[in-house]
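Here is a briefing on strand pairing and helix packing in one protein model. Keep the sequence and the structure side by side while reading.

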Amino acid sequence: MLKSGKTVIMLLTIMSLLSGCFGERSELAPLKDGKGKIRVVYQDEDRFYSDYGNFFKMMNPDIDIEIISEAELFDEAEKNEAFNLTEEKKKLLDKVKPDVLFLNESMFEAFAQEGRLYDIEPAISQDQYNLDGFMPGLIDRLRAKGNGKLYGLTPSFETNVIYYNRNLFKKHQIEPPNGKMTWKELIDLAARFSSVESGKKQVFGLYQTRGPASLMYDIAAASALKLVDAKSGKLLIGSDGWKEAMKMTADAVRNHAAYAPPPVEEGEQLDGYEYTGDYLKQYSRSNEMFYMGQAAMTIQPPWFASFLRDIPYYSKTPEIDWGIAAAPVNPAKPDESAYVKLSEIYAISVDSPNKRAAWEFVKFVNGPEMAQVAGKAMNHTLPTRSDYFKDFRGRETEAFYLLKPMEASGVSDKKSIPPGFQAEFDSLLSDALKSLIDQEKTLDNAVAELQIKGQEIIDRLRETK
């Protein structure tokens, strides 16, 4: 018994010492002589210094930065449709071994699961770095990607909101959209414009940028519906949730509550503008229709606010009176948004020998100084620190921050969807929705046929993988 007791004491002592060692390892030592160096992979060096580097060097002149450009990867991806940008970027990162990783959300999750990233929680605690300023739900979303651990931070996000034409709602004495509406409530609101005309043209309550399939996916996203079961590989389009999304879409388009245009072809003439692919003209129909008073509402990302600001200069017409409201929600989770995208997450390589310098950079990029700059230059993305973007051309920005990001998405879950499936399936889906809109098939028949043909695509792609 005595020997056993000594053994226990010895084990406890060893565990205590090991715990102390691990605790010390979690602490980031100060920079030696205040100097450091980091390697960062970014789009290109000029863009990096324009976005962050110049500001960071002003605050941290003794930290040198080596930029590895990934411009060639993006150029190749534009030229070659078969080029797998994600896989090629992984190869580049493995080759150059940067200290700071700039990742989209899917790569961030994959790298976190593979143990490639450094847990920054101890560094946050050590430096008393304030996370309270980030938008509600953001840190929870990032932790969810790392099985409860925090491996990175993001300074910006995108989210879709409802843009609406205030004049149309006032003219026809209809209450404008409000935050936390369900898709059913939004489509019911849009249906109130089904008998409204402007000149000889129909005014649509909701104008969708792309075809009916896109509208259906947006509706499904609010409920985080999964298209393919990850374990069984079974297509789930026949489930009650997907059937309801298909029915809601077909009914909305058929009853003129919503309009989803066919694809725009290069060189096509649209209300005085030729679609040639450049910045303003490429957004074509939905923007033009909304701006010209033919659509009461449209659901768009942050850049659309800049479009509405800039279009008067290009079209020589007055700016319309527009407002924004939060995107539709799942009634079961009315405080969450399915439309938040995180495309620039900054993390630190677990193998980096320069973790302190890398952490100084990650802290700065995600800090209040950069958020203040981003809030003033609002364009394609929004600062995740919501205190620094309260106003846009006299309009409150609460709608962008009203909902916290949903922790997990469903429709775009690439891990469960075989490569090449989406394009083939979407062609079948478009045909199925058209048959429902034209009332050529019943919902049950259209879904049953789609289930069989879609599953055949999945099975074929997995056999040839």
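Strand S9 (residues 204-207) pairs with S10 in the parallel sense, over 2 bridges. Two strands count as paired if DSSP finds at least two bridges between them. Strands (E, at least two residues) and helices (H or I, at least four) are DSSP runs, numbered from the N terminus. This is a predicted model: local features need pLDDT of at least 70, side-chain atom pairs count only at pLDDT 80 or more, and totals for chains, interfaces and linings use all residues. Residues are numbered from 1 along each chain as its sequence is written, and side-chain values use heavy atoms, with hydrogens and water left out.

**The five-strand sheet**

- Tyr207 has Tyr259 in S10 as its bridge partner.
- S9 and S10 belong to an open sheet of 5 strands, in the order S10-S9-S13-S6-S14.
- The pairing in this sheet is mixed.
- Strand S10 (258-259) and strand S14 (322-326) are the edge strands, and each pairs on one side only.

**The three-strand sheet**

- Another open sheet has 3 strands in the order S16-S5-S18, and its pairing is antiparallel.
- Strand S16 (340-341) and strand S18 (382-383) each have a single partner strand, so one side of each is left without a neighbour in the sheet.
- Strand S5 (residues 156-159) pairs with S16 over 2 bridges, in the antiparallel sense.
- Thr159 has Val340 in S16 as its bridge partner.

**The β-α-β unit**

- Strand S1 (residues 36-42) and strand S2 (residues 63-69) pair in the parallel sense over 7 bridges.
- Arg39 stands opposite Glu66 in S2.
- S1, helix H2 (residues 45-59) and S2 form a right-handed β-α-β unit. Right-handed here means that, with the strands pointing away from the viewer, the path from the first strand over the helix to the second runs clockwise.

**H2 against H14**

- The axes of H2 and helix H14 (residues 355-365) come within 11 Å and cross at roughly 115°. That makes H2 roughly perpendicular to H14.
- Axes are lines fitted to C-alpha atoms, for helices over the stretch in contact, with angles from 0 to 180 degrees between N-to-C directions. Angles of 65 to 115 degrees count as roughly perpendicular.
- The contact (heavy atoms within 4.5 Å) is made by Phe48, Tyr52, Phe55, Phe56 and Met59 of H2 and by Glu360, Phe361, Phe364 and Val365 of H14.
- These contact residues divide into 8 nonpolar, no polar and 1 charged. Ala, Val, Leu, Ile, Met, Phe, Trp, Tyr, Cys and Pro count as nonpolar, Asp, Glu, Lys and Arg as charged, and the others, Gly among them, as polar.

Note on methods:
Angles under 35 degrees count as roughly parallel, over 145 as roughly antiparallel, 65 to 115 as roughly perpendicular and the rest as oblique.
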